[in-house]
Amino acid sequence: MISTLKQPSLQFLAQKHSFLPRSSSSSTKFTSEMAPKRLDSKRITVSKPLHISSLENFGLVKKRDKSGEFKRKIECKAYEADKSKPIEEKTPSEVSRRVKIGIYFATWWFLNVIFNIYNKKVLNAFPYPWLTSTLSLATGSLMMLISWITGVAETPKTDLQFWKTLFPVAVAHTIGHVAATVSMSKVAVSFTHIIKSGEPAFSVLVSRFLLGETFPPGVYMSLIPIIGGCALTALTELNFNMIGFMGAMISNLAFVFRNIFSKRGMKGKSVGGMNYYACLSMLSLLILTPFAIAMEGPQMWTAGWEKAISQIGTQFIWWMAAQSVFYHLYNQVSYMSLDQISPLTFSIGNTMKRISVIVSSIIIFRTPVQPINALGAAIAILGTFLYSQVLTWSLYELKKIVLTILMAIVLKGKTVRKLDERTINVL
C-alpha cells in the first residue's frame, strides 16, 4: 500500500519517549526529516510530501528502550515523493516462502484432481458412498498413526479439552464429507463442484442471520452471480438428480459450520495443520462408522464388492486404495497450506482448485456440457472469485481508515499512546 500524505504547516518536537506535533505559523511541510529522534527540545522542520511505504507494530508490539522499559512503538517507513524507491525489497526468505506456497497449491490441486477421478470411478462401480467415505477416513487415520509411531511426523500434544473443542468440528466435517460423496455417486463430478462453489453464499448467510455478523454491500452483491450461476447450472444439467443436488448443498452448509466451529474452538491451540487434520479424521471416523453400518451394512457391501470385482477385476482394489490415500493427502496439504497463507488467499486457491477439477473431470469422463450449462458454471466460479476479492478490498479499506485516524490524531497533538488505547480493540 502506498499513501501520499500532504500535511499542513507543522513542526515536530522530539522528546524522550514520544513526539508531539505543534502548529507553526511558518510555511513548513511534512517530510522525511521528521523521523522521530531522541533529541531534547529540538524542532525538526519538513518541506516535501512523503509516501508511506509500511506501517509496523501498530500498537500491538512492545519494544525495550535504552532505559530497559517496554514501550509500545509504531514504526512508519516512508520516502520522499520525488524519489523512486520500492515499497519493500523481497528478501531470500520471502522468496522461498512464496515458492513454498506455490508448491503447496500445485500439490493440493493435483492431489484433488486425482482423488476426484478415482473417487468417481469407485462410485460408478461400487455405489456405496457411506462405506467409501469411511474407508477414506480410515486410511488417512492409519497413515498418520504410522507416521507418529515411526517418528516421521511429530506426535501432537493434546488433552481432553482439545478433543471436546474438536468434536463439533468433526461432526460438521463428517456430514460434509458424506454428503459430498453421496452427491458424486448420483451426478457428475463437475456438477457437484459447481454447486459446491456456492459455499461462500452459505457462509455469508449463516454468519449474517445466525451469528449477527455484517458485511460490506459488495459482499452481498458478489453472492448474486454465485447463486445465479449455480441455479442456471442446476436448471440446465442434462443428468440432474435431486439427491445429488441436495448432497452438494448439505455439504456446503456443513463445511461452513465446520469452519465456524474450527475458528472459534481452536484459537490458541498449538496443534499444526497436518496433525490437526489427522486428529479431525480420527474423530470423524469414530462418528461415521456406526452410521455407515446402519445406512448400508456388511451385507450390501459384500454383494457390491463381489459385483465390482467381477466387472472391473482386481484393478478395482487399486481404485479404492487410490481414492482413499489421495483423499487424505489432498486434505492434509490444504490444512498445511493454511499455516502458511491467509484465509483469503486460501479461498482464492480453493476457487482455482474447483476450476481444475471441473475441467479435468469433464475431459476424462467426457461429460456432456451444454453452452448454457457452461455459462452457469463460469458465472458461479466468477462470483466466488469476486467474493474473495471484495473481502480483500474491505480489509484494504480498513487499513486506509486506520492510517487516516493515526495521522489525524498526530496532527491534533495527541500522543501515540492514546491512539493505541482507542484503536487496539478495533484491530
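This is a predicted model: local features need pLDDT of at least 70, side-chain atom pairs count only at pLDDT 80 or more; totals for chains, interfaces and linings use all residues.
1. A salt bridge is taken here as a side-chain nitrogen of Lys or Arg within 4 Å of a carboxyl oxygen of Asp or Glu. R258 is buried and has no salt bridge; its nearest side chain of opposite charge, that of E199, is 5.6 Å away.

2. R258 belongs to helix α7, which covers residues 242–265. Leaving aside residues up to four places away in sequence, R258 touches V169, A172, H173 and Y335.

3. The charged end of R208 sits over the ring of F209, at 6.0 Å from the ring centre.

4. Aromatic pairs number 15 in the structure. One of them joins F126 to F316 in a tilted arrangement, with 5.9 Å between the centres and 55° between the planes. Because F126 lies in the loop between α1 (92–125) and α2 (129–150) while F316 lies in helix α10 (residues 315–338), this pair ties together parts that are 190 residues apart in sequence.

5. F126 and F316 are both buried. Ring pairs also link these two residues with Y128 and W305, giving a cluster of F126, Y128, W305 and F316.

6. On the cysteines, the structure holds zero disulfides. C230 is buried, with a relative accessible area of 12%. C279 is likewise buried, and its relative accessible area is 2%.

Terms used:
Residues are numbered from 1 along each chain as its sequence is written. Side-chain values use heavy atoms; hydrogens and water are left out. Rings of Phe, Tyr and Trp (its six-membered ring) pair if their centres lie within 6.5 Å; planes under 30 degrees apart count as stacked, over 60 as edge-to-face and the rest as tilted. Helices (H or I, at least four residues) and strands (E, at least two) are DSSP runs, numbered from the N terminus. Buried means under 20% relative accessible area, exposed over 50%, partly exposed in between (1.4 Å probe, protein chains only). A charge sits over a ring if NZ of Lys or CZ of Arg is within 6 Å of the ring centre and within 35 degrees of the ring normal. Lys and Arg count as positive and Asp and Glu as negative; His and the chain ends are not counted. Contact means heavy atoms within 4.5 Å. A disulfide is a pair of cysteine sulfur atoms within 2.5 Å.
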